[in-house]
Amino acid sequence: MYLYNSLTHKKELFVPNHPDVVKMYTCGPTVYHYAHIGNLRSYIMEDVLEKSLRYLGYNVKRVMNITDVGHLASDADTGEDKMLKGAKREHKSVMEIAKYYTDAFFADCEKLNIKRPEVVEPATNCIGEYIHMVQTLLDKGFAYLAGGNVYFDTSKLEKYYVFNDHNEEDLEVGVREGVEEDTNKRNKNDFVLWFTKSKFEDQALKWESPWGTGYPGWHIECSCISMKHLGEDMDIHCGGIDNAFPHHTNEIAQSEAYLGHKWCNYWFHVHHLNTDSGKMSKSKGEFLTVSLLEQKGYDPLAYRLFCLQSHYRRNLVFSWENLDNAAATYEKLIAKIAALDPNDGEVEPQALEGLKERFVSALNGDLNTSLAVTALYDVLKAKTNDATKLAACADFDRVLSLNLLSAAQKVRDAQPEEEHDPEIEAMLQARAEAKKAKNWAEADRIRDELKSRGIEIIDTPQGAKWKRV
Ligand code: AMP
Ligand code: ZN
């Protein structure tokens, strides 16, 4: 498999460090709010990467942290703690907020068929590990104490900006928001390993440490959590492109200073989901969630398909029109698969291998998911029996995770309405028109009215059907 490596700025042949396992780490969510669909784009593409590796025969161990402490409003160590901000907003404790939004995150992942990593570790579980790493960095001369905090000294490194061909905009993400200058820092990009500063007195979660009561910086958690579960080396580290600087740059700095050798070989960065007005971001307040998509009548898997249709290294622009197109494509795709007859012939192994070739080469070419989706269309057009085509769909769905067969079966099972009722059909028509005009309130009102009359609407690729319940 060829993957683009942000560290070398090249597509490289993927060669794992160990023959028996691919070690993969993913920066998890900061659980102070719902994940927006931009965050989830990153997790969808990372899920595709993991599933592709498994599909290609690798055994994968994947670790994800849950950031429930230490991530400040700016990535450059300034501003309020995001978790505390969330707790104040909702008049709850930090741990309540963390639990609620962690559960909400995994519920969204489930709807999007994003597999849960083998290991999920909340940052607050590993305080001992952070203290050990920070102490070692102090002992080795890579860190210093100033104003009560422990800082990493970036001037001690031969090269700090390891991802330096990112455009300026990406590089400045954290710094731009950090208006306050921290006068304790010896160098502009030094970063906090452990906070005790009085400025953060209202920090809810604090732990004893050799440097005073305080809490860890955000970056240290990913280094320690990955080493706790994956050991002193790693194959692939994933995250959104905004994490490349400062977060991943700092992770590499402290990890390699601590270990004294190279830490991670491949860096996989997913580019952003943008709206017309720029990057979708949690801190901007206005953002789209999976629940909102559902409320508007979209199947979350239509959003997954929308993401698969573009390459992970390109920015993707979200608009309702674009999502409508993906939803229509998804419905048509499922309808085509539903039209295949499972009893048409027996699976032909050679034909199946032929169909898989294009799919495999799409994944091997730096995870070209849009070509992989095209390979699925090729299956539907292929000159082979339906049993073989269905086997290929099932096989590709190990990676695409679009519920291709089960959604098709639901369509096959949907009974056509036996009764005709002009009034109900007129209401379904009015609802379809309201949906087309994005008048969600009216569409919901019609659904509710029918429900109150004991009529359930079933949305199918052939349009809405109804039944009495
Ligand atoms: P956070 O919960 O803020 O720590 O972010 C979770 C993940 O989402 C990180 O990997 C971010 O890099 C990624 N991310 C944040 N914003 C976007 C976006 N607009 N598009 C894609 N990924 C994003
Ligand atoms: Zn991280």
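Visitor: How many salt bridges does the structure hold?
Guide: This predicted model holds 30 salt bridges.

Visitor: What makes Arg 89 and Glu 90 a salt bridge?
Guide: Their closest N and O atoms are 2.7 Å apart. The cut-off is within 4 Å, so the pair counts.

Visitor: What about Asp 153 and Lys 156, whose side chains meet in a salt bridge?
Guide: Here N to O is 3.4 Å, again within 4 Å. Asp 153 has a relative accessible area of 3%, and under 20% means buried, so that is its label. Lys 156, at 45%, is partly exposed.

Visitor: Why are Glu 442 and Arg 445 said to be separated by about one helical turn?
Guide: Because they're three residues apart in helix H17. Glu 442 is partly exposed at 27%, and Arg 445 is partly exposed at 42%.

Visitor: Which residues do salt bridges with shared partners join into one network?
Guide: Glu 46, Glu 50, Arg 54, Arg 62, Lys 115 and Glu 118.

Visitor: On to the largest pocket: how do you know that it lies between domain 2 and domain 3?
Guide: Domain 2 (297-414) and domain 3 (422-468) both give residues to its lining, so the pocket lies between them.

Note on methods. Residues numbered from 1 in each chain as written. Chains lettered and ligands numbered in written order. Predicted model: local features only at pLDDT ≥ 70, side-chain atom pairs only at ≥ 80, totals over all residues. Heavy atoms only, no water. Domains from an automatic or database assignment. Buried < 20%, exposed > 50% of the residue type's maximum accessible area, 1.4 Å probe, protein only. Helix = DSSP H or I, 4+ residues; strand = E, 2+ residues; numbered from the N terminus.
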